Amino acid sequence: MRIAWITDPHLNHCSLPAWERLIASVRGCSVEGVLITGDISEGEDVAFQLLRLADAIDRPLYFVLGNHDYYHSSIERTRIEITHAVTKHPLLHYLRNDSVIELSPSVGLIGEDGWGDATEGDFEGSSVRLNDFQLIDDFHLDHCSTWKEKLRLLGKDAAQRLDNKLDEACARYPSVLIATHVPPFRDACWYEGHTTDDHWAPFFVCGQTGRSLLNAAKQYSNATLQVLCGHTHHGGVATLTPNLTVTTGPATYGAPTVTGVILIGENIRLELP
């Protein structure tokens with residue numbers, strides 16, 4: 001089985017020729033499915049873009065959402081709209097709402113959105129303030145004194161949901177593919193060939209999902225965990241333990257492309273350009 005991996009396509013920045021090139025590149029990979037690790041578009045446009053993609057690709061489309069997908073809306077409202085869109089198209093699979101999906105007798109797929117959860121780095125000392133705080137209702141409609149706790153709770157929710165899925169997946173499959181948007185470790189948070197510092201880590205690392213992954217890798221030492229993520233728009237590979245690897249995919253605004261091809265058989269193999 002071959003699955004095309006795409007991360008951070010930001011389709012709201014995409015011209016028609018760029019869209020057509022993306023679809024052609026997916027078809028050219030001769031894949032049986034597509035996996036998107038977030039930042040598909042923004043707000044009310046996300047459901048439209050997912051339905052449009054599913055129609056154009058005509059293959060199962062597995063996805064998680066990224067922070068940009070909630071812009072000009074709220075987290076709850078967007079997730080409700082996406083859940084409704086999934087019910088309208090049999091090829092759409094929002095991994096946050098799904099349990100383990102079998103890709104082969106040896107490989108299971110799970111996913112969670114994740115969030116930069118302010119558990120890594122120096123939130124108070126950082127001068128970084130993402131557009132999230134101005135463009136997502138959950139933040140800009142509330143006082144900035146609440147932001148850190150909101151981020152922590154979003155990360156906690158993702159980690160707790162992932163814990164349950166990891167237990168099920170690792171008990172059933174020797175190889176587990178995990179899709180998320182935000183890098184779960186500093187080691188996987190890449191920018192121009194380097195990993196993050198204390199100023200950016202609070203917003204670009206979901207530390208609580210990282211701890212969930214490390215616990216699962218230790219508890220299920222015979223299972224191999226392969227994590228795919230995005231968010232930073234820069235690529236890199238981090239090996240956290242002998243059985244836990246995180247690959248972060250690069251992206252360019254206005255030029256979405258296939259990040260890599262996932263080969264699914266008895267195990268998981270990732271082909272990158």
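User: Where is the place of Asp39?
Analyst: Asp39 is in the loop between strand E2 (33-37) and H2. Helices (H or I, at least four residues) and strands (E, at least two) are DSSP runs, numbered from the N terminus. Keep in mind that this is a predicted model, where local features need pLDDT of at least 70, side-chain atom pairs count only at pLDDT 80 or more, and totals for chains, interfaces and linings use all residues. Residues are numbered from 1 along each chain as its sequence is written, and side-chain values use heavy atoms, with hydrogens and water left out.
User: Is Asp39 buried or exposed?
Analyst: Asp39 counts as buried, because its relative accessibility is 2%. Buried means under 20% relative accessible area, exposed over 50%, and partly exposed in between (1.4 Å probe, protein chains only).
User: What about the phi of Asp39?
Analyst: Phi of Asp39 is positive, about 55 degrees, although Asp39 is not a glycine. Most residues other than glycine have a negative phi. His231 also has a positive phi, near 80 degrees, and is not a glycine. You'll find His231 in the loop between strand E10 (224-229) and strand E11 (236-241), and His231 is buried at 8% relative accessible area.
User: Ok, helices now. How do the axes of H2 and H3 cross?
Analyst: The axes of H2 (residues 45-57) and H3 (residues 75-88) come within 9 Å and cross at roughly 25 degrees. Axes here are lines fitted to C-alpha atoms, for helices over the stretch in contact, and angles run from 0 to 180 degrees between N-to-C directions. The two helices are therefore roughly parallel to each other (angles under 35 degrees count as roughly parallel, over 145 as roughly antiparallel, 65 to 115 as roughly perpendicular and the rest as oblique).
User: Which residues make the contact?
Analyst: From H2 there are Val46, Ala47, Leu50 and Leu51, and from H3 there are Glu81, Ile82, Ala85 and Lys88. Contact means heavy atoms within 4.5 Å.
User: And where does Ser104 lie?
Analyst: Ser104 lies in strand E5 (residues 101-104), and counts as buried at 10% relative accessibility. A polar atom of the Ser104 side chain lies 2.8 Å from the backbone oxygen of Gly265. Leaving aside neighbours within four places in sequence, Ser104 is in contact with Tyr173, Ile264 and Gly265.

Definitions and conventions
Polar contact = N/O pair within 3.5 Å; in protein donor to acceptor, adjacent residues only side chain to side chain.
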